[in-house]
Every structure is written in structure tokens, then in C-alpha cells.
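Visitor: Could you walk me through this chain? I would like to check a few answers against the coordinates as we go.

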Amino acid sequence: NAMFKVGFLSDVYQEKPLSETVPKIRTRFPPEPNGFLHIGHSKAIAINFGFAKHHGGECILRFDDTNPEGEEERFYNAIREIVTWLGFTPVRETCASDNFERLYELAEDLIQRDGAYICHCTKAEIKAQRGEMEGGQRGGERFACSHRTRPIEESLAEFRAMRDGKYKAGEAALRMKQDITDPNPQMWDLFAWRIMDSEDKQHHRTGGKWKIYPTYDFAHCLCDSIEEISHSLCTTEFELSRVSYDWLCDKLEVYRPNQREYGRLNITGTVLSKRKIIQLVKEGHVRDWDDPRLYTLIALRRRGVPPGAILAFVNDLGVTKNVTNVQVTKFESIVRQYLETTVPRLMVVLEPLKVIIDDLPDDHLELLDCPFSKDPAFGTHNIPFTKTVYIERSDFRAVDSPDYFRLAPGKTVGLLKAPYPITATSFETDASGEVTCVHAKYEKPVEGEAVKKPKSFIHWVGESAEHKSPVRAEIRAFNSLFKSEDPSAHPAGFLADINPDSEEIYKDAMVETGFRDISASAPWPKEEGAVEEGGKEANKHSIRFQGMRVAYFAVDRESTDEKLVLNRIVTLKEEKGK
Ligand code: ATP
Ligand code: MG
Ligand code: MG
């Protein structure tokens, strides 16, 4: 992707040790297929794919499917799709579950090397061994598990029995024989394999074949090793795990990749946790996992955020070991900057108010040739200028004041792109007193007279049946879903922090006909990330534009040929308050 500077990686990631067994830089992005990816994952994706690309290497998409609970086929698909949408192409796709057989062999090998044993202790007993005292306090004296010294042959037999279903979950587990005197808790005889024999939840890919599953600590480093990953890039919570990672590879005398860590990316003012999003969806606070107010990647895509803007955001943060807490306003400002130069401009009226320019003939029709952008490469389109136009209700005031510069009785205002300004002469109201129509005079100068210079220009949409103008739309404007920066800190729970005004709907919005030109040639603009989306459905996400003086918009996936639904991607300027 052209917008993505691969040179963004900090010095830590510039190192390039090449071993003989691994002649090439190879990374992997290892999501667990148990949910939709969120904005934090885009950093992991950008780092893994970006680092490999920078060094002329390759990146694997690996599904880390070692825990059948919660893993589902739709998540494999959604993850694959969103990685592609972000503009990355994995060299291949793998699954940790492809390696179960090999991982099992390695476990037997580890037992034979006196590097693991079968343990039958309870959770409480293991906590005690690790120096955890009653009440959960840590730092007590650590001691070895009584099963640690059992004969290798016995552990091997018991491991096979475990595999063959002799035990129920919790009755036996394979533990690594590490070093409990080491101050690093990742060396305190970690679990390697455990029993997961739930009848109702079979593994999506291996079905009921396995009753035992490897842990992250066992599987991750060995999958990296099997796939000959050169750099295993992960978040800093795994810094202590580097020791067990290296320990296991070395104990088995298999190829050892280099684990390196980077800081997590957190967004404030929202929630990213699966459990919390499930609650929001279930209780109807949001439409679904892709509700544009969420920060899952499918939500950002639905809202209309271009993939390049997400990468620009990650790029802007840079790669450090620090955990980055970023406000949503920072994200939005980058999206705004990105859209400013990459999308066409149109006129959109959220709340239309009819204006009749009385002194124009009834059939007045001028086709104004307007550029789509300041950038001539975007081309031009025609806007019908007619006797009846629609302006924004908020651009008219029945009672004028000297500090008001838009339309009011007696006041002159420019219509963007139109040849001459208009002056309001009178207005009509309905029974409730609401203004229903404004009458105006066209300020076309008679010969020899100067053109009136308006103090300001407003946007508008003309009315022409011949040109199918205006295009009608429902517009959804999103505000923050939560009131505070840290919804989870709310004493009554994060749901109590929900902003009741997180969505404003404009049911009768109008868009100028230039919209038809841009949707006919969508995705617009052609951008690398969007090219691979394919299909009409996906292309809807790529129809984006600036509504002049209003905001940036994108076509929502709920749009049909009969009904256009637009999402507000971001406002034109940062708005104070919510
Ligand atoms: P975790 O690894 O903490 O369980 P997760 O369950 O949300 O994260 P995974 O599917 O395990 O998601 O994540 C896939 C990859 O993305 C992992 O390498 C993980 O470390 C990384 N990742 C997850 N969340 C973030 C984040 N907020 N910032 C950066 N990287 C992240
Ligand atoms: Mg997880
Ligand atoms: Mg994980």
C-alpha cells in the first residue's frame, strides 16, 4: 500500500540476524479465531506484514486455534477478509491445529528428554507450589510438584492415557520440567497440554479427534519453529515468556526463532473486549459487531474508514515497547487528514429547507461543471442549478442579527458553485410556526452593475426530475458511544457510561447527483487496500466523499437500490463536546 511507509519500524526491529536454517525474514500474524479483530490488532498486522515486507521477507497468517471453546468458522473467514481489506497478502495461511500431530510427537520427545511430566494436582495445589498463598497473595515459598520426579516411562504412559481419554479435564496435565527456583514465573513448570473434553464443543477443524490440547506456552513457540519463523513479534505482556519460549525450543533442540516485543495499542473512550462488545450487541445498544460506533475493524470498515487511514494511524504512532493509549479523537483526526486529499467532494444537505428563487423561470436549468476536488485528477461533474433548491435548515434564520452571515430575510448569501448569490425576500411557515419555504431573489447583475459579494457561501442541492436530483438518503451521524474516556472505570459498569446521543439520524437528507458518478466508478478513489475487496457488497464500503461544509460520508452496507444509507465517517473539524 502506497500510504504505508514500511520504514516506520524503530531500531529494535531493524535488526536482521539470518541463520543458516532460515535464509529469509519470515513473520506471522497469529490471531485466535474466536472473535472479530479490533483496531489494536491492526498494529499487530501492520508490524508483522510491514517488517517482513521491509526486509523483502514474507508473512504467514496463522490461526492460533488451540482452544476449541469459542473458536468458530466465521471468525477464520472474517479475519482472513479483514487482513486482505487492510491490503496485506499472506504468503500462506496456516493453522496451529495443522500441527497437532507434530506437537504431540514433540511432547513425547520432551518427556523422553526428561523435560516434562504428568501432574495430577488440583489448581489450588499448583498455586501453592508456585508460592501463591491463601487470599491470592504471591511471593510465598515455592516447592516442586510431587509428580515431578516420577519415572519418564510412567509420564509417557500417562500422557498416552490422557490422549486416549482415561482422564477428565483437570485430572491430569502435562507440565514442563523447568526451574522453579528461577525468579521468572514463566519457568515454574508451565502447563504444556491439558484435557478439554467438552462434548458439545468440538474443534472446528479437527472435530472430536483430540481430547487434549496444547497450551499457548507449548504451541506458540513450536509452531513458530515448525514454520521457520525468523522473528516472532508479540506484545510486551509476553516479554517474560521469551525465557520459556527459548527454553522449550532449546530443550527439544529445534530451530529457535527470535521473539521480540512491541507495545499494545489501546484506544480510550471505547471498549474492545469481546465480552463487553457481546453485551452491547445482545442488549441492543449497537446494531451488531460492525456497528460504526465500535472499534472492531469490521465496524471501521462499515463506517467508511479507508484501510489506508488505519495504516496511516498505526504508522503515525510508530513502534515502541510502550503501551500506547490513544484517544479516539486522535484517530479521527488522522482519518480526516487522510480523507481530505483522497475523496471527492459533493454537496449534501442533512435537513433540507426549500428555497424558491422567484425571479428565475420555472424551467430554469443550468448545468454547472464542477470539479470533484481541488486535485484536477478527480475530474468534474455536472450539478443542475434550478429555480427550486434545497439548503440546510440551519443555514436560514427567520430573525436576522448583525453577527449572522448566512441566509435571513434581506440577507444575501452565495450558493457554492452557482454563478450569482441569492437574497431571501420572505418565508412561509406551517401551523406550528416552522419555516417550510424561503423565497429568494437571484442577484444576477444588470449590465454595468457590479456583482454583489456575499459574506458567506452555503451548500445546496437543485431539483430536477430530468437529472433525478436530489438523491435522497438516510444519513447516520455517529458520536462517541460512551460519555467518558474510560467507560470500564464507571462504578456502575461500562453500560452506565453509554452516551444516549451516540447516533443522530437524518431521514430526509439530500445528495447532489454527482453521487451517481462516484458510485458508478467505485471504489473511489482506487486504492490498493480496496482493490482486493471485490464484489458489489464490499464495494459499498469504498464509496466515500466529503459533503462540503458538513462531513465525510460513506455508503452503508444496508443501502439498497431503493434506499441509500450514508454513514458519517468523521466531521470536517474536531467538535468540542460530544
Ligand atoms: P491476546 O493475545 O492478548 O489474547 P486477543 O485475544 O485480543 O489478544 P489474538 O487473536 O490473540 O487477540 O491476537 C492476535 C495478535 O494480535 C497477537 O499477536 C496479539 O498479541 C496481537 N494483539 C492483540 N491485541 C493487540 C493490541 N491491542 N495491540 C497490539 N497487538 C495486539
Ligand atoms: Mg485471546
Ligand atoms: Mg491471544
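Visitor: Is His-120 buried, partly exposed or exposed?
Guide: A residue counts as buried if 20 or more other C-beta atoms, placed from the backbone, lie within 10 Å of its own, as exposed if 12 or fewer do, and as partly exposed in between. His-120 has 14 other C-beta atoms within 10 Å, so the class is partly exposed.

Visitor: Before we go on, what kind of model is this, and how are its parts labelled?
Guide: Residues are numbered from 1 along each chain as its sequence is written, while chains are lettered from A and ligands numbered from 1 in the order in which they are written. Local features need pLDDT of at least 70, side-chain atom pairs count only at pLDDT 80 or more, and totals for chains, interfaces and linings use all residues, for this is a predicted model.

Visitor: Which residues is His-120 in contact with, leaving aside neighbours within four places in sequence?
Guide: His-120 sits in the loop between strand E4 (116–119) and helix H4 (123–129); helices (H or I, at least four residues) and strands (E, at least two) are DSSP runs numbered from the N terminus. Contact requires C-beta atoms, placed from the backbone, within 7 Å of each other. With neighbours up to four places away set aside, the partners are His-147, Glu-171 and Ala-172.

Visitor: Which element gives the largest share of the shell around ligand 1?
Guide: A residue is near the ligand if its C-beta atom, placed from the backbone, lies within 6 Å of it. The surrounding residues are Pro-30, Pro-31, Glu-32, Gly-40, His-41, Lys-43, Ala-44, Cys-234, Thr-235, Arg-264, Leu-265 and Asn-266. Two or more of them come from each of helix H1 (39–54), strand E8 (231–235) and strand E10 (265–268). The largest share, four residues, belongs to H1.

Visitor: How many residues of H1 are buried?
Guide: H1 reaches 22 Å from its first C-alpha to its last, close to the 22 Å expected at 1.5 Å a residue, where the expected span is 1.5 Å times one less than the number of residues. Just after H1, Gly-56 takes a positive phi of about 70 degrees. The helix is mostly covered, and the buried count is 13 of its 16 residues.

Visitor: How far apart are the C-alpha centres of domain 2 and domain 3?
Guide: The assignment places domain 2 at 100–215 and domain 3 at 345–571. The C-alpha atoms of the chain fill a box of roughly 105 × 50 × 40 Å along the principal axes. Between the two centres the separation is 63 Å.

Visitor: Why does Ala-78 count as buried?
Guide: Ala-78 is in helix H2 (residues 73–85). Residues up to four places away aside, Ala-78 touches Phe-36 and Ile-298. Ala-78 counts as buried because the number of its C-beta neighbours inside 10 Å is 20.

Visitor: Is Glu-253 buried or exposed?
Guide: Glu-253 is found in the loop between helix H7 (241–251) and strand E9 (258–262). Its phi is near 55 degrees, a positive value in a residue other than glycine. With 9 C-beta neighbours inside 10 Å, Glu-253 is exposed.

Visitor: Which peptide bond is cis, with omega near 0 degrees?
Guide: Look in the loop between strand E22 (460–462) and strand E23 (471–478), where Pro-470 lies. The cis bond runs from Ser-469 to Pro-470.

Definitions and conventions:
Domains from an automatic or database assignment. Contact = placed C-beta atoms within 7 Å.
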